[in-house]
Amino acid sequence: AGSDIERHPESFTNQPGRHYPETFYQNGTYASQYTLTSYNKDDATGPYNKMYSVVGKANAIITAMENVSNFADIIGAGEPSELGQLYGEAVALRATMYRELIRYYGDVPYQEETITISEALQRGRRPKAEVIPLVYADFDKAVARLPESYGQDENIHATKGAALAMKARFALYMGDYEIAAK
């Protein structure tokens with residue numbers, strides 16, 4: 001019992017972790033690395049720009065792989081491959097970044113190719129309702145390419161279950177309960 005000040009006598013600035021929105025994945029870093037106002041998209045070093053930086057890197061990998069002459073053979077072989085896994089991880093990462101961008105900002109510039117942040121901003125924002133199905137499709141692509149598990153020493157990679165869980169969680173946030181239940 002007691003007031004918050006009695007339970008946590010340290011100052012507010014010493015306890016930022018308790019004051020962040022709960023997220024599964026936040027730009028690849030821990031929430032404690034952000035300040036309470038770091039979700040301001042005008043901050044060049046803030047999460048908005050960092051998330052788009054990650055989207056750009058994922059798009060570079062995706063585009064490079066899709067432009068390889070035997071891409072269809074690599075992806076469509078039906079057997080797990082390291083290149084298929086890399087493609088799945090890049091697509092999952094892009095979907096995860098857009099999931100976070102939509103959650104915090106709503107309508108966002110959407111890019112499937114490698115462009116700069118200023119080019120994306122010049123294109124303008126796409127309505128959230130248009131981007132959500134694209135995020136679901138990316139998660140589905142990732143699920144199709146990612147393995148169910150890795151060796152004991154390789155637990156830092158995305159798995160099929162992780163991609164499904166992130167898609168379901170995003171669907172719950174968006175109120176798409178039928179998609180979340182799949």
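In this predicted model, Tyr 52, Tyr 98 and Tyr 110 form a cluster linked by ring pairs.

**Aromatic pairs**

- The rings of Phe 71 and Tyr 87 are edge-to-face, because their planes stand at 65°, with centres 5.1 Å apart, and an angle over 60 degrees counts as edge-to-face.
- Phe 71 belongs to helix H3 (residues 71–76) and Tyr 87 to helix H4, so this pair ties together parts 16 residues apart in sequence.
- Phe 71 and Tyr 87 are both buried.
- Tyr 98 and Tyr 110 have ring centres 4.6 Å apart and planes at 40°, so their pair is tilted.
- Tyr 98 sits in helix H4 and Tyr 110 in the loop between H4 and helix H5 (117–123), so the pair ties together parts 12 residues apart in sequence.
- Tyr 98 is buried, and Tyr 110 is too.

**A charge over a ring**

- Arg 103 lies over the face of Tyr 173, at 4.0 Å from the ring centre.

**Helix H7**

- Helix H7 (residues 160–174) spans 21 Å from first C-alpha to last over its 15 residues, close to the expected 21 Å.
- Its buried residues include Ala 163, Met 166, Lys 167, Phe 170, Ala 171 and Met 174.
- Down the axis of H7, the buried residues fall within an arc of 135°, so they line one face of the helix.
- Helices H4 (82–105), H6 (128–145) and H8 (177–181) are among what covers those residues.
- After H7 comes Gly 175, with a positive phi near 80°.

Terms used:
Residues are numbered from 1 along each chain as its sequence is written. This is a predicted model: local features need pLDDT of at least 70, side-chain atom pairs count only at pLDDT 80 or more; totals for chains, interfaces and linings use all residues. Side-chain values use heavy atoms; hydrogens and water are left out. Helices (H or I, at least four residues) and strands (E, at least two) are DSSP runs, numbered from the N terminus. The expected span of a helix is 1.5 Å times one less than its number of residues. Buried means under 20% relative accessible area, exposed over 50%, partly exposed in between (1.4 Å probe, protein chains only). The arc is that of the directions from the helix axis to the C-beta atoms. Contact means heavy atoms within 4.5 Å. Rings of Phe, Tyr and Trp (its six-membered ring) pair if their centres lie within 6.5 Å; planes under 30 degrees apart count as stacked, over 60 as edge-to-face and the rest as tilted. A charge sits over a ring if NZ of Lys or CZ of Arg is within 6 Å of the ring centre and within 35 degrees of the ring normal.
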